[in-house]
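Let's take a walk through this structure, one stop at a time.

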Amino acid sequence: MNTDPIADYLTRIRNAVAASHRVVEIPASNLKKEITKILFDQGYILSYKFDDSTAQGSIKIALKYDKVTKEPVIKKIQRISKPGLRKYAGANELPRILNGLGIAIVSTSHGVMTGKQAQQDKVGGEVLCYVY
């Protein structure tokens, strides 16, 4: 049993990037699927595939690297709100990551979205992670 599945998801991505893997496979959940969609929409990953052949299912993520320098697009992916210490932010208090170059992923009452999207919709929520 895993006490923090989101931290496990982020760590698997972080480890795969550090080892220069092309694809990483992660056990699926609805929250992880939403985070994966956001990472794809924001251009941090190349592609993804949801595999529902097993009971829990899995997510296959193709990581993205710079074509010239072979540097990973994801420089840092960091968990913010933890099970022991939840971090919430109102619509006006949502953080800007690297002056707008990175994203904050926020779980709101309207679903999981980026910090910019949450500010536009004027909703706050739990700050899950930072990606840049």
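E4 and E8 run antiparallel and are joined by 3 bridges; strands here are DSSP runs of E with at least two residues, numbered from the N terminus, and two of them pair if DSSP finds at least two bridges between them. Across from Tyr130 in E8 you'll find Gln78. Bear in mind that this is a predicted model, where local features need pLDDT of at least 70, side-chain atom pairs count only at pLDDT 80 or more, and totals for chains, interfaces and linings use all residues. Residues are numbered from 1 along each chain as its sequence is written, and side-chain values use heavy atoms, leaving out hydrogens and water.

E8 has other partners too. Strand E5 (residues 88-89) is joined to E8 by 2 bridges, again antiparallel, with Tyr88 opposite Glu126. Strand E6 (residues 103-108) pairs with E8 over 6 bridges, also in the antiparallel sense, and there Ile105 has Cys129 as its bridge partner.

Now for the loop between strand E3 (58-63) and strand E4 (77-79), where Lys64 sits. Lys64 counts as partly exposed because its relative accessibility is 30%.

Technical notes
Helix = DSSP H or I, 4+ residues; strand = E, 2+ residues; numbered from the N terminus. Buried < 20%, exposed > 50% of the residue type's maximum accessible area, 1.4 Å probe, protein only.
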